[in-house]
Amino acid sequence: MAPVQHIVMLKFKPKTSHRVIETIADKLRELPSLIKEIQGFSVQTDLGLDPARNHDLAAVALFDSAEDYEVYATHPAHLEVIKLAIVPILAPGGRSAVQIPFNPDRAEKEAVKTEHVQTTTIMSRMYDLPLLILYAYFIFSCTMIETSYCAGEGPMDPSDTTFMMPETYDFSTKYNPLFLARPYWLKLATCFSAYGFLPFHTMLFFAFLTGWNGVRPLAFVFAGVKLYALGFYHTMEYTSATPPPELLPYWAPEGPYIVALAWTLYRMRSPAPFATHPKSKVE
């Protein structure tokens with residue numbers, strides 16, 4: 001099959017800011033990292049020389065075949081950008097597109113290509129380092145504290161010398177009497193946290209460490225379950241007969257879970273959260 005070149009131009013509603021248009025362009029530039037069928041890709045915004053007649057944004061994509069173009073056209077990542085970013089601000093009749101055969105010999109100077117988007121290392125994402133530390137803390141808490149708590153029965157035993165249990169007992173005595181009492185429902189909830197959330201904490205730790213873009217849908221699943229679990233746990237704490245006596249000491253170990261959840265959701269807002277923007281080039 002002959003290669004196919006897809007050209008699309010978009011015109012947005014009046015008063016759409018240049019910043020919003022650039023944001024859409026950035027989202028489109030992430031598609032090569034998510035759709036392997038894209039062999040060349042360039043997105044540019046209009047220079048504004050004739051705004052009354054011109055479109056605001058143009059994209060050129062290259063595919064090995066018409067079948068590859070169909071994969072791109074119906075790919076969830078592509079459709080997500082269209083639905084969430086483009087359609088809400090697209091002017092009526094503001095899309096023009098064409099798919100044409102591409103002959104590299106005849107159009108060598110016009111072929112626009114780009115390298116596939118590369119993921120970034122943690123060293124180039126130092127703003128993610130605190131989140132990496134938080135997930136390491138959660139892994140430690142699951143494996144060293146929650147598993148031991150899960151293994152116990154009834155109120156915590158002050159003579160328990162298992163690693164971190166004396167410290168947990170002292171803390172609970174002062175700041176978390178419900179945790180100290182270890183009712184059966186709380187034991188089950190802690191077991192679920194220790195063994196159910198540990199794989200997700202580990203997965204997210206390595207995703208932020210290595211820049212794994214594929215973690216995004218799993219991160220949303222984790223966030224939904226974790227949000228429900230946090231809401232349930234803290235509601236039970238504060239509506240119990242023995243609520244936390246002091247606010248700040250109680251939230252010191254609990255607050256990081258909420259911070260990490262919000263931060264993770266913010267970082268997952270892009271289809272390729274760890275990708276670098278490619279530098280387009282003309283060959």
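The legends below describe a predicted model, first as a whole and then in close-up views. Residues are numbered from 1 along each chain as its sequence is written; local features need pLDDT of at least 70, side-chain atom pairs count only at pLDDT 80 or more, and totals for chains, interfaces and linings use all residues. Side-chain values use heavy atoms, with hydrogens and water left out.

**Figure 1. The whole protein.** The protein has 9 helices and 6 strands; helices (H or I, at least four residues) and strands (E, at least two) are DSSP runs, numbered from the N terminus. The radius of gyration is 26 Å, well over the 19 Å that the globule rule gives for 283 residues, so the protein is more spread out than a compact globule. This radius is taken over C-alpha atoms, and the globule rule is 2.2 Å times the number of residues to the power 0.38. The C-alpha trace spans about 80 × 40 × 30 Å along the principal axes. Of the 283 residues, 42% are buried (under 20% relative accessible area, with a 1.4 Å probe and protein chains only).

**Figure 2. Helix α1 against helix α3.** Two packed helices are described by the angle between their axes and the distance between the axes. The axes of α1 (residues 18-29) and α3 (residues 76-86) come within 10 Å and cross at roughly 170°, which means that α1 is roughly antiparallel to α3. Axes are lines fitted to C-alpha atoms, for helices over the stretch in contact, and angles run from 0 to 180 degrees between N-to-C directions; an angle over 145 degrees counts as roughly antiparallel. Ile24, Lys27 and Leu28 of α1 meet Val81, Ala85 and Ile86 of α3, where contact means heavy atoms within 4.5 Å. By class, this contact of α1 with α3 has 5 nonpolar, no polar and 1 charged residues.

**Figure 3. Helix α2 against helix α3.** Helix α2 (residues 66-74) packs on α3 at an angle of about 45°, with the axes 5 Å apart. Tyr72, Ala73 and Thr74 of α2 make the contact with Pro76, His78 and Leu79 of α3.

**Figure 4. The surroundings of Pro271.** Pro271 lies in the loop between α9 (247-267) and β6 (281-282). Pro271 counts as buried because its relative accessibility is 10%. Not counting residues up to four places away in sequence, Pro271 touches Glu30, Leu34 and Arg216. The C-alpha atoms of Pro271 and Ala77 are separated by 6.9 Å, although these residues are 194 residues apart along the chain.

Terms used
Parallel < 35°, antiparallel > 145°, perpendicular 65-115°, else oblique. Nonpolar A, V, L, I, M, F, W, Y, C, P; charged D, E, K, R; others polar. Buried < 20%, exposed > 50% of the residue type's maximum accessible area, 1.4 Å probe, protein only.
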